[in-house]
Every structure is written in structure tokens, then in C-alpha cells.
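Welcome! Take a look at the structure first, then try each task before reading on.

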Amino acid sequence: MRAVIYDGQNYSLNETPTPTPRADESLIRVLKTGICNTDLEIFNGYMGFRGIPGHEFVGIVEQGPKEWVGRRVVGEINIADGVCDMCQRGVPSQCRHRTTLGIDRHNGTFADYVTLVTRNLHSVPENVSDDQAVFVEPLAAALDVATAGEITARDNVVLIGAGKLGLLAAQALKLTGCTLSVIVRHETPARLLARWGIHAITLDQAARNIASAVIDCTGNAEGFAAALDLVEPRGRIVLKSTYTSLPSADLTRVVVDEIRVIGSRCGLFPNALRALEYGEIDVESLIEARYRLSDSLAAIAHASCPGALKILMEAGR
Ligand SMILES: [Zn+2]
């Protein structure tokens, strides 16, 4: 099969043997896979990953338990052992011994085929398209912002960082009925937010210290300091970014203003599938370009452009 392989220095498209699923795994033919900022960070050394990156996908089960063969599926990215204390507590995403699809010691989806433990798979409802299904993983993460931040209709929320994930999180937050402003720097996200009826402002226009919750989706070390400027005393900051450099911010403010800082990483796939099934979230507008897997290097270069929205890679030659 073909696969994008990262060797710790460079990535390239190679021929490599199609993986053989273990007894608890399925072999999935990848129909579409999305490029996430995490993939771009991996090419800069994130997690020390080596192998095939990619974790946003929709595919068809080709080998595995017979009730799964032929089904169109998406898959959860955390491969948990099911036995540690976190798994026993019902938090497999924080399994002590987990590997992570395309991120941490488990080959991912920038390939013709991928193997994944069958218990991680979810069937895709018929009325959810392949394009939509690719977004299930990031949408699940975006929906978790509202859950982790305990956002309700009484909240005045500011979201910083209107990139791919931020634009999904903004739509997820809107569903809570909260008062929402999104800080934008570029025209494309501003136009999308306007279409969805979400208020967009510049950082200069944002009032200081009045948001009951600030969501940082910037991915930049400066995001946390900006969030601290916007949040009100006793407010919450939800961090959705993994920072490549170390944020520097006045943590004394966290103490004096009694701010709660909440990290949020992964979310629940069934919630994301339901939101797509019911047409609650517009993901198609986030697709900026499509490439064949054979053009994966061009696809990755495009995804690396500042402000790029979702780049998909599709099966076929
Ligand atoms: Zn575990």
C-alpha cells in the first residue's frame, strides 16, 4: 500500500506492506483522511513520532469481525488497554498505557489502509457523507469544549483562534445558547462566522475582564496570556491548544482573580456523529481543498500555509 511515512526528519510517500490486523483489530480501507495541526506539529518533532501519521478518517472495514466487514466507519484515536485505573474509571482517553492513532506509537491514516482495535470503531449513519465523517474526531473534541467548560446559556464566552478547530468549537458553543464572540484576524473565518450567525470581533474590540469563559484555540503560546486578559474574576479558561513553545503568562492573576484553567483534548464520538446526523454543525464549509493520496506532499504543504482550513486526502491514484 501507499503511505506517508515520517522518519523523524522528513516525510515521504512510500510503498509499504499492508498491515495485518491482530485478533482484536480491523483492517480499514481509508476513503478520506483530514490533515490536522497535530500532524503538522508531528513533522516538527511533536511526541517523537515515527511512522505513518494521520488520525482523522472515514473508511470501510475490509477485515475483522464479520458483523463489521463492509461497514463505513470512523475510529477513536486513543487505543486503551481497558484494564488500568483510568480505564476502570471510564476514562479510556487517559489510559495509562495508551497509544494514539497516528500520534503516539501507532500508525495512522495517511495511507491506503490502517489497522485499529475494533472496539474503537463507530458506524457512520447513512445520511452523514464521507466529507462530514472525516470531521467526527475534531468535532468530538470541539463539542467537549462546551462540556469541559460547563458552558451554559448564562455564559458570556470569548473564543480566541478561529482556525479549523476554533471554527468547529464556535459552532459547538453556539448550540449551548451562550453569548459568544469569536476573535478573528482573517477574512475567511469572519465570513464563515457571519454565515453561521456568530459574532466576530478583533482582539482590539474585545472588552477586558468580562468574559465568564475564554476558550483558547490559538495553538500559540501567546493565547494563554490573551485569555487571561479577557476572562473575568472567577471565570474559566478552557485550553484547547497544544502549545509548541512554552506559554508565558502572569499566573499570579490566576490566583488573585481565582481563575479556573481547564484542559480539554478529546471528546465523545457518538455526540459528534449525532450532531452531523441532525445537521447541527456545518463542517463542509471548512474544506479548503482535496488531494489524492498520491499528491500527499502537496496536500501537506497546502495545510501548512498560515490560515489554511481543512485539507482532505482521498483514496484513489
Ligand atoms: Zn488503560
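**Exercise 1.** Which residues in α5 are buried?

*Solution.* Before counting, note that this is a predicted model, where local features need pLDDT of at least 70, side-chain atom pairs count only at pLDDT 80 or more, and totals for chains, interfaces and linings use all residues. Residues are numbered from 1 along each chain as its sequence is written.

Step 1: A residue is buried if 20 or more other C-beta atoms, placed from the backbone, lie within 10 Å of its own; it is exposed with 12 or fewer, and partly exposed in between. Helices (H or I, at least four residues) and strands (E, at least two) are DSSP runs numbered from the N terminus.

Step 2: go along the helix. The buried residues in α5 are K164, L165, G166, L167, L168, A169, A170, Q171, A172, L173 and K174. That is eleven of the eleven residues in helix α5 (residues 164–174), which is mostly covered.

Step 3: look for the cover. Among the elements over these buried residues of α5 are α4, β10 (156–160), β11, α6 (187–195), β13 (211–216) and β17 (310–314).

**Exercise 2.** Work out the order of the six-strand open sheet, then find its edges.

*Solution.* Step 1: the order is β12-β11-β10-β13-β14-β15, with parallel pairing; two strands pair if DSSP finds at least two bridges between them.

Step 1: β12 (199–201) and β15 (260–263) each have a single partner strand, so one side of each is left without a neighbour in the sheet.

Step 2: follow the bridges. β10 and β11 are parallel and share five bridges, with V158 partnered by S181 in β11. S181 also has a bridge partner in β12, namely H199. Strand β11 (residues 179–183) is joined to β12 by three bridges.

Step 3: check the cover on β10. Four of its five residues are buried, so β10 is largely enclosed by the rest of the structure.

**Exercise 3.** How do the axes of α4 and α9 cross?

*Solution.* Step 1: axes are lines fitted to C-alpha atoms, for helices over the stretch in contact, and angles run from 0 to 180 degrees between N-to-C directions.

Step 1: helix α4 (residues 136–148) and helix α9 (residues 269–277) have axes that come within 8 Å and cross at roughly 105°. That makes α4 roughly perpendicular to α9, a label for angles of 65 to 115 degrees (under 35 is roughly parallel, over 145 roughly antiparallel, and the rest oblique).

Step 2: list the contacts, meaning C-beta atoms, placed from the backbone, within 7 Å. V136, L139, A140 and L143 in α4 meet F269, N271, A272, L273 and A275 in α9.

**Exercise 4.** Describe the hairpin of β1 and β2.

*Solution.* Step 1: strand β1 (residues 2–6) and strand β2 (residues 11–15) run antiparallel, joined by five bridges. V4, for instance, has L13 in β2 as its bridge partner.

Step 1: four residues lie between the strands, and G8 in the turn has a positive phi of about 105°.

**Exercise 5.** Into which domains is the protein chain divided?

*Solution.* Step 1: the division is into domain 1 (2–135 + 283–314) and domain 2 (142–263), with bounds from an automatic or database domain assignment.

Step 1: their C-alpha centres lie 27 Å apart, and eight residues of domain 1 are in contact with seven residues of domain 2.

Technical notes. Two residues are in contact if their C-beta atoms, placed from the backbone, lie within 7 Å.
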